[in-house]
Amino acid sequence: MGKITKNQKLAIEKIENGKFYTLKEASGLVKEITTTKFDASVDIDVRLGVDPRKANQMVRGVVSLPHGTGKQIRVLALCTPEKEAEAKEAGADFVGLDEFIDKIKGGWTDIDIIITMPAIMGKIGALGRILGPRGLMPNPKSGTVTNDIGQAIKEVKQGKIDFKVDKTGIVHTSVGKVSFEPEKIFDNAKEFISSLIKLKPTAAKGTYIKSIYLSSTMSPGIKVDPKSVEG
């Protein structure tokens with residue numbers, strides 16, 4: 001491990017060793033311990049008491065963050081010609097079909113999300129090897145495969161995100177930017193955790209929310225007391 005900088009040392013000193021913070025406290029503290037010159041993302045990691053290898057304990061869902069993500073989301077709408085105007089009006093950055101499928105086959109993935117229609121999924125299936133590992137494959141469960149293209153694009157642009165527990169039982173996502181006011185970070189994080197709680201699988205036994213950490217890009221993690229956000 002490399003030598004820590006003076007700013008990193010000061011950030012670590014602001015976190016009390018072994019202390020669990022409330023989500024509200026952590027939402028303010030994460031701003032204080034961030035020393036990056038750019039507007040860092042605020043990330044949340046929640047460890048769940050589930051076994052993701054079992055289908056009946058898989059946790060996956062979508063949530064609309066009240067204050068958005070703070071990121072510019074680049075949306076590709078793969079749709080039929082009659083839906084192109086709707087997609088453009090809703091704010092899609094790229095709109096089309098065959099020409100973009102060919103671009104993706106050639107290795108182009110300079111986008112954050114793809115929204116498409118059920119009738120087109122047959123064409124997109126062949127892109128699975130490229131899109132799957134990058135988390136770009138459209139999925140009806142996340143609302144990215146729909147005939148209501150315009151509404152889906154608007155929701156994504158306004159802060160709708162999808163999430164999925166990884167193989168270690170952790171759900172990781174961004175809930176804003178360090179430039180956000182603490183109240184907005186808190187609201188977004190609370191909404192995300194509330195969505196996780198609603199998705200608790202009936203097969204999951206014991207403690208469901210095992211740990212919560214709030215951090216920003218390159219900052220230390222702040223331990224959040226799960227009891228401060230449950231209920």
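This note goes through a predicted model point by point.

1. Basis. Residues are numbered from 1 along each chain as its sequence is written, and side-chain values use heavy atoms, with hydrogens and water left out. Because the model is predicted, local features need pLDDT of at least 70 and side-chain atom pairs count only at pLDDT 80 or more, while totals for chains, interfaces and linings use all residues.

2. Four strands form an open sheet in the order 7-1-8-9, with antiparallel pairing. Strand 7 (170-177) and strand 9 (222-224) are the edge strands, and each pairs on one side only. Neighbouring strands of this sheet are turned by 25° against each other on average, direction ignored. Strands here are DSSP runs of E, at least two residues long, and helices are runs of H or I of at least four residues, numbered from the N terminus. Two strands pair if DSSP finds at least two bridges between them. The angles are taken between N-to-C directions of lines fitted to C-alpha atoms, for helices over the stretch in contact, and run from 0 to 180 degrees.

3. Asp 43. This residue lies in strand 1 (residues 41-48). Asp 43 is buried yet has no salt bridge, and the nearest side chain of opposite charge, Lys 71, is 5.8 Å away. Buried means under 20% relative accessible area, exposed over 50%, and partly exposed in between (1.4 Å probe, protein chains only). A salt bridge needs a side-chain nitrogen of Lys or Arg within 4 Å of a carboxyl oxygen of Asp or Glu. For charge, Lys and Arg count as positive and Asp and Glu as negative; His and the chain ends are not counted. The side chain of Asp 43 does make a polar contact of 2.7 Å with the side chain of Ser 174. A polar contact is a pair of N or O atoms within 3.5 Å; within protein, one must be able to donate a hydrogen and the other to accept it, and residues adjacent in sequence count only if both atoms are side-chain atoms.

4. Tyr 213. Strand 8 holds Tyr 213, and three bridges join strand 8 (residues 209-216) to strand 9. The bridge partner of Tyr 213 in strand 9 is Lys 223. Tyr 213 counts as partly exposed because its relative accessible area is 35%. Leaving out residues up to four places away in sequence, Tyr 213 touches Asp 43, Ile 44, Asp 45, Gly 221, Ile 222 and Lys 223; contact means heavy atoms within 4.5 Å.

5. Strands 3 and 5. Four bridges join strand 3 (residues 75-78) to strand 5, and the two run parallel. Ala 77 stands opposite Ile 115 in strand 5. From strand 5 (residues 113-116), Ile 113 and Ile 115 point one way and Ile 114 and Thr 116 the other, and all are buried. In a regular strand the side chains alternate between the two faces of the sheet.

6. Salt bridges. The whole structure has eight salt bridges. One of them joins Asp 112 and Arg 74, with the closest N and O atoms 3.1 Å apart. Asp 112 is in the loop between helix 4 (98-105) and strand 5, and Arg 74 is in the loop between strand 2 (60-64) and strand 3, 38 residues apart. Another joins Lys 157 and Asp 93 at 2.8 Å. Lys 157 lies in helix 7 (residues 149-158) and Asp 93 in the loop between helix 3 (84-90) and strand 4 (94-96), so this pair ties together parts 64 residues apart in sequence.
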